[in-house]
Amino acid sequence: MLLFTHYSVIILFAVLFLIAVRNTIRIRLQIWQIMLLGALAVLITGEISPVSALFAINYDVLIFLFGVFVAGEALFQSGALIPLMERVFKGIKSRGNFFLVLIFGSGFLSAFLMNDTVAIIGTVFVILLAKKTDIPSEMLLLALAFSVTTGSVLSPVGNPQNLLIASGAGLENPFLIFAEYLLIPTIISLFLIYPALKFFYPYRPEDKTSFVFDESEKFSADVCVLDKNLSKISALSIIILFVMIFLKIIAGFFGYSEYFPLTLIAVFTALPVIVLSKKRLFILKNIDWQTLVFFSAMFVLMQSVWSAGFIQGIFTGSENLLLSNGGIFISGVLLSQILSNVPFVALFMPLLLIMESPESSYMALAAGSTLAGNLLLFGAASNIIIVQNAEKRGEKLSFLRFARVGIPLTIAQSAVYIIWLVYIMP
């Protein structure tokens with residue numbers, strides 16, 4: 001009966017349904033638009049008051065996302081990372097080493113610049129590489145997609161859902177905690193991407209004779225910085241980001257981590273671009289405002305649903321599942337395909353908080369909900385960014401081609417994380 005006595009629950013199901021079928025209906029609604037409609041609906045129906053809605057929004061998450069988006073957009077507009085990446089690849093003579101550098105470079109960058117930022121910058125770069133080499137662009141786009149998703153697991157700022165977990169769980173030193181639980185399985189999982197691609201792409205699709213992984217060719221891609229002044233400013237922002245993250249980690253050892261909140265890190269990261277760049281208004285206009293709207297609306301809708309008691313009722317008697325790191329991880333991988341990973345985390349987090357779950361449970365939630373992006377094309381926003389940016393440049397990556405590599409890869413990676421989280425770091 002609870003389902004029919006609370007409009008917020010009905011609205012939630014409507015929102016989740018629209019998110020699931022958004023690519024099959026005639027009206028192409030974006031996820032942020034669907035979530036915003038859901039938030040407006042619970043406000044209009046009185047399921048949540050305007051004051052409660054304002055207090056439901058996690059402003060720490062929004063501020064951090066804003067700061068990273070500003071620095072990321074400046075990097076993208078300047079083209080600063082592309083020459084740096086080109087210099088890294090220039091001396092590589094082995095295709096195997098080339099892919100490992102691409103995978104680990106993209107993965108570790110996404111852990112600190114956020115996966116969506118690296119997806120934007122990386123798509124342009126790998127398409128340039130495809131034109132300079134005989135490697136199919138599809139392979140490089142897949143390598144990028146799997147790398148940014150997998151790499152973003154290991155950091156509290158690698159993706160929005162990790163940020164939500166780090167902020168909501170109140171982790172005292174989130175960078176150390178994420179590294180302790182997720183660094184080793186993430187490194188192993190990054191290594192798995194190379195053999196997965198090699199298995200499904202043993203030769204070039206055009207002639208089926210020339211092996212793509214021939215170890216004889218040297219790689220290079222001649223590119224230049226688009227805006228040298230903005231490049232210097234964005235480089236300063238990134239240096240500040242890494243320095244403040246380092247200071248936060250060090251402060252955590254002495255019990256002073258609270259003096260370096262994520263919001264402060266984000267503000268200082270964005271300041272050089274906002275204060276020094278003449279393109280500040282252009283950059284601010286082009287940051288990912290849709291994601292900020294999505295998060296604001298999601299906080300309002302999820303608070304309304306939580307107040308209705310519906311989610312608590314579903315999981316009553318399921319404590320054993322919730323206390324199981326393996327159960328949390330698998331739920332994250334599978335349910336994120338339906339709910340999308342950020343809404344799933346927003347719904348699941350309060351349950352873990354009520355049960356006073358250990359740190360390992362939050363890490364299982366972070367890993368499972370993030371790794372969901374490797375299973376299917378629509379499992380992560382970064383995948384969509386890569387596909388959309390590739391299509392603008394005449395390259396395509398289909399749902400089925402993604403799934404044929406993504407499904408076995410995700411199964412193998414999931415086994416690594418489950419073994420680690422359940423048997424080694426329970």
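The chain comprises 22 helices and 0 strands; helices (H or I, at least four residues) and strands (E, at least two) are DSSP runs, numbered from the N terminus. The model is predicted: local features need pLDDT of at least 70, side-chain atom pairs count only at pLDDT 80 or more, and totals for chains, interfaces and linings use all residues. Residues are numbered from 1 along each chain as its sequence is written, and side-chain values use heavy atoms, with hydrogens and water left out.

**Chain totals**

- Of the 426 residues in the chain, 55% are buried; buried means under 20% relative accessible area, exposed over 50%, and partly exposed in between (1.4 Å probe, protein chains only).
- Among contacts in the chain with a separation of 6 or more, 81% involve residues 24 or more positions apart, where contact means heavy atoms within 4.5 Å.

**Salt bridge**

- The count comes to 1 salt bridge, defined as a side-chain nitrogen of Lys or Arg within 4 Å of a carboxyl oxygen of Asp or Glu.
- Arg 401 and Glu 138 form a salt bridge, with 3.0 Å between the closest N and O atoms.
- Because Arg 401 belongs to helix 22 (residues 399–424) and Glu 138 to helix 9 (residues 137–151), the pair ties together parts that are 263 residues apart in sequence.
- Arg 401 is partly exposed, at 31% relative accessibility, whereas Glu 138 is buried, at 15%.

**Packing of helix 11 and helix 12**

- Helix 11 (residues 174–200) packs against helix 12 at an angle of about 85 degrees, and their axes are 8 Å apart. Axes are lines fitted to C-alpha atoms, for helices over the stretch in contact, and angles run from 0 to 180 degrees between N-to-C directions.
- The two helices, helix 11 and helix 12, are therefore roughly perpendicular to each other; angles under 35 degrees count as roughly parallel, over 145 as roughly antiparallel, 65 to 115 as roughly perpendicular and the rest as oblique.
- On the helix 11 side, Pro 174, Phe 175 and Leu 176 meet Ile 245, Lys 248, Ile 249 and Phe 253 of helix 12.
- The residues of this contact between helix 11 and helix 12 divide into 6 nonpolar, no polar and 1 charged. Ala, Val, Leu, Ile, Met, Phe, Trp, Tyr, Cys and Pro count as nonpolar, Asp, Glu, Lys and Arg as charged, and the others, Gly among them, as polar.
- Ser 234 is also found in helix 12 (residues 228–253) and is buried, with a relative accessible area of 0%.
- The side chain of Ser 234 reaches the backbone oxygen of Ser 231 at 3.0 Å.

**Residues with positive phi**

- Most residues other than glycine have a negative phi.
- Met 114 has a positive phi, near 80 degrees, and lies in the loop between helix 7 and helix 8 (115–132). Met 114 is buried, at 0% relative accessibility.
- Glu 356 has a positive phi, near 55 degrees, and lies in the loop between helix 19 (341–354) and helix 20 (359–371). Glu 356 is exposed, with a relative accessible area of 69%.

- Leu 109 lies in helix 7 (residues 95–113) and is partly exposed, at 25% relative accessibility.
- Not counting residues up to four places away in sequence, Leu 109 touches Met 114 and Val 118.
- Ala 403, in helix 22, is buried at 9% relative accessibility.
- Leaving aside neighbours within four places in sequence, Ala 403 is in contact with Leu 375, Leu 376 and Pro 408.

Note on methods:
A polar contact is a pair of N or O atoms within 3.5 Å; within protein, one must be able to donate a hydrogen and the other to accept it, and residues adjacent in sequence count only if both atoms are side-chain atoms.
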